[in-house]
Amino acid sequence: VDWSGRVIRWTPEGQGALLAELGVIAESMAAWGADHLVVGTRKGLRVLRRSDGAVVAQGEDRADEIAVQGDRLAHSDGAGLTVRGLPGLEVLARVDLGGRATNAVCALPGGGWLVGTEGGVVARVDPDGEVGWRQHPHGRDKFEQGNPHANCCSVVAAPDGGWLASGATDHTVRV
């Protein structure tokens, strides 16, 4: 998916063909099941069929960052994280992460999500939206004219769950 909301299907040979044109600014995309894609946009979520690009569900909440775990979707919102059911996008939980916007989310092996916020918080959120743990590992050691540079903008988990990492604008990666 590109910035203008065009979803392009690529072949193994490197040939691209337009699958869908959403007409909104797209921020992220994740696969769900065998024949669906979930696209996070500035004008809401879209669930598309991979086979023909048809929109099968949509929500209106802005969703810059998304991650899929089984039949659940976690996405950024203005004050934390929202967990939704797939395919219908019904809200299952809203998670407060200190009133700061979510900037990064990834699915964790075994269920749940790892989340990073604008406030430098890294949290583990279980599949039902409960916060398992919350840390503030970013932004405490670097200050520039009162700005803590705490924005945690990337999180990742090893496929076996053996380690987690977060990266932030304080120029640190924590593993």
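**Charged pairs and their surroundings**

Guide: Arginine 49 is partly exposed, with a relative accessible area of 29%. Happy to start there, with the reminder that this is a predicted model. The partner of arginine 49 is aspartate 52: the two form a salt bridge in which the closest N and O atoms are 2.9 Å apart. Aspartate 52 is partly exposed as well, at 41% relative accessibility. That value lies between the 20% and 50% limits, so aspartate 52 counts as neither buried nor exposed.

This pair is one of seven salt bridges in the count. Another one joins aspartate 2 to arginine 6, with 2.6 Å between the closest N and O atoms. Here the arginine has a relative accessible area of 35%, so arginine 6 is again partly exposed.

Arginine 72 also has a charged partner, aspartate 128, and the closest N and O atoms of this salt bridge are 3.0 Å apart. Arginine 72 sits in strand E8 (residues 72-77), while aspartate 128 belongs to the loop between strand E13 (122-125) and strand E14 (131-135); the pair therefore ties together parts that are 56 residues apart in sequence. Arginine 72 counts as partly exposed, at 22% relative accessibility.

Leucine 89 lies in a loop, the one between strand E9 (80-85) and strand E10 (91-96). For a sense of distance, leucine 89 and alanine 165 are 76 residues apart in sequence, and their C-alpha atoms are 28 Å apart in space.

Now to the surface. Val156, Trp163, Val173 and Val175 make a nonpolar patch there of about 430 Å². Valine 173 is part of strand E17 (residues 172-174). With a relative accessible area of 63%, valine 173 is exposed.

Strand E1 (residues 6-10) pairs with strand E2 (residues 16-21) in the antiparallel sense, over five bridges. Arginine 9 has alanine 17 in E2 as its bridge partner. The two strands form a hairpin with five residues between them, and glycine 14 in the turn has a positive phi of about 90°.

The structure holds zero disulfides. Cysteine 106 is in none, and the nearest cysteine sulfur, that of cysteine 152, is 10 Å away. Cysteine 153 is in no disulfide either, with the sulfur of cysteine 152 nearest at 6.5 Å. That distance is beyond the 2.5 Å limit for a pair of sulfur atoms, which is why cysteine 153 and cysteine 152 do not count as a disulfide. Cysteine 106 is buried, with a relative accessible area of 13%, whereas cysteine 153 is partly exposed at 42%.

Terms used:
Residues numbered from 1 in each chain as written. Predicted model: local features only at pLDDT ≥ 70, side-chain atom pairs only at ≥ 80, totals over all residues. Heavy atoms only, no water. Patch = residues over 30% accessible without salt bridge, like charges linked within 9 Å, V, L, I, M, F, W, Y side chains within 5 Å. Areas by Shrake-Rupley, 256 points an atom, 1.4 Å probe, with all protein chains shown as cover. Salt bridge = Lys/Arg side-chain N within 4 Å of Asp/Glu carboxyl O. Helix = DSSP H or I, 4+ residues; strand = E, 2+ residues; numbered from the N terminus. Buried < 20%, exposed > 50% of the residue type's maximum accessible area, 1.4 Å probe, protein only. Pairing = 2+ DSSP bridges.
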